[in-house]
Amino acid sequence: MLSRRLLGQDLAWAGVILLLAAVLGIWQQWQLVRLSWTGALPAHLEQQRQQRRQVEFQGVKTLNLPQTYEIFQGGQALFVDARDADEYAELHIAGAVNLSPDLLERQGDRALAGIPRDRRIVVYCGLANCNKALEVAEKLQSLKFTEVSAFMDGFRAWDEAGYPAETSE
Amino acid sequence: MRPEFPAILRRLLEIIFGALFCYAGYLKLLHTDEFAEAVLAYQLLPPGLVGLVAAVLPGLELAAGIFLALGFKRRSCLMLLGFLSGIFLLAMLVTLARGLKIDCGCGLFFSRQVGLAPILEDGLMVFWAAGLYYWELMVAAAAPALAAAARPDF
């Protein structure tokens, strides 16, 4: 009986704290709430993401799907898949090697031993909103690879376009 | 009277738990757009409500975390934080079952995919909150009986 009364009190105070947080949160983030309600949130978030990337990865060259496919057809570039090993093994761009940010961090220079520093390298990850491709491309640039670009549309766009892909499984 | 060891341990666990959520809420407040992206990526809410959740949740984690660490309305805070962790656990399980490879938006560590490790961590949070809540409730329920027993009979 006492526990039930305490439970009721706890629920009531939890409601008060929730209400307080809700009022303050909505007041502080009114623009976000409004954008979401009007359906403009995805576009706003995309714009914010692009701005963040421009600041964070300002030295990295980027490519879109047609540009990347053109380079692929040239046959000279090394494609680097920055996703985790299991995703890479499932399906990746034909001829790509797997090099996630973690692996690159652990192995450093040794991860790309024997590859000339002026070799054209295209790095990609899964989706247009993932940052792994940019992280790996930036790291490769810091390792003195001079022709590094990041394919920004991600592997899903490549796969959906029906471009060559292979599995390691 | 000096507090006994179980009471000190209980408070210590509450302070750590509250501090974890303070930090998680604070990070989300600093990066609201990234948090909104993470909420959107789960594809579990109507898009119109994503902004509301992204606006309210960080403040709720922060407020409940601070109150819990300070010892204000501890059981209510544990109830809220346990509920939040439970909902989050459910969302991650659904996401994993759907095969979506998305960032978990876990708060303490950005850029981590939904997977076994975040699920186990969150499961621990649910267990932590539920255990502390039950402990607090038992102590509170026992307090009037103890007080009655200590009262001198006239």
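1. A residue is called buried when its relative accessible area is under 20%, and in this predicted model A:Cys125 counts as buried because its relative accessibility is 2%. The sulfur atoms of A:Cys125 and A:Cys130 lie 1.8 Å apart and form a disulfide, and with 105 degrees about the S-S bond this link is right-handed. The count over all chains comes to 1 disulfide.

2. Two cysteines of chain B deserve a separate remark. The cysteine sulfur closest to that of B:Cys22 belongs to B:Cys77, but at 9.8 Å it is too far for a bond, given that a disulfide requires the sulfur atoms to be within 2.5 Å.

3. Side chains of opposite charge can pair when their charged atoms come close, and the count of salt bridges over all chains comes to 12. One of them joins B:Arg75 and A:Asp10, with 2.8 Å from N to O; this pair crosses between chains, from helix α4 of chain B to helix α1 (residues 2-28) of chain A. B:Arg75 counts as buried at 16% relative accessibility, and A:Asp10 likewise counts as buried, at 3%.

4. Another salt bridge is formed by A:Arg52 and B:Glu37, whose closest N and O atoms are 2.8 Å apart. Because A:Arg52 lies in helix α3 of chain A and B:Glu37 in helix α2 of chain B, this pair joins two chains. A:Arg52 is partly exposed, with a relative accessible area of 27%, whereas B:Glu37 counts as buried at 16%.

5. Within chain B, the closest N and O atoms of B:Glu14 and B:Arg74 are 3.3 Å apart, and the two residues form a salt bridge. This pair links distant parts of the chain, 60 residues apart, with B:Glu14 in helix α1 (residues 5-30) and B:Arg74 in helix α4. B:Glu14 is buried, at 0% relative accessibility, while B:Arg74 is partly exposed, with a relative accessible area of 26%.

6. The largest pocket holds about 1700 Å³ of space. It is lined by 46 residues, of which A:Leu127, A:Asn129, A:Cys130, B:Lys101 and B:Asp103 are the closest to its centre. Among the elements that give two or more residues to this lining are α3 (41-56) and α7 of chain A, together with α2 (32-41) of chain B; α3 of chain A gives the most, with 7 residues.

7. On the surface, A:Trp37, B:Leu45, B:Leu49 and B:Leu52 form a nonpolar patch, and together they have about 380 Å² of accessible area. B:Leu49 belongs to helix α3 (residues 47-70) of chain B, and at 32% relative accessibility it counts as partly exposed.

8. A:Lys144, although not a glycine, has a positive phi of about 75 degrees; it is found in the loop between α7 (132-142) and β6 (148-151) of chain A, and it counts as exposed because its relative accessibility is 61%. B:Lys73, also a residue other than glycine, has a positive phi near 50 degrees; its place is in the loop between α3 and α4 (74-98) of chain B, and it is partly exposed, with a relative accessible area of 32%.

Methods: Residues numbered from 1 in each chain as written. Chains lettered and ligands numbered in written order. Predicted model: local features only at pLDDT ≥ 70, side-chain atom pairs only at ≥ 80, totals over all residues. Heavy atoms only, no water. Patch = residues over 30% accessible without salt bridge, like charges linked within 9 Å, V, L, I, M, F, W, Y side chains within 5 Å. Areas by Shrake-Rupley, 256 points an atom, 1.4 Å probe, with all protein chains shown as cover. Salt bridge = Lys/Arg side-chain N within 4 Å of Asp/Glu carboxyl O. Helix = DSSP H or I, 4+ residues; strand = E, 2+ residues; numbered from the N terminus. Buried < 20%, exposed > 50% of the residue type's maximum accessible area, 1.4 Å probe, protein only. 1 Å grid on protein atoms, 1.4 Å probe; cavity = no way out; pocket = protein on both sides within 12 Å on 5 of 7 lines; lining within 4 Å. Points joined across faces, edges and corners; volume = space filled by probe spheres on them.
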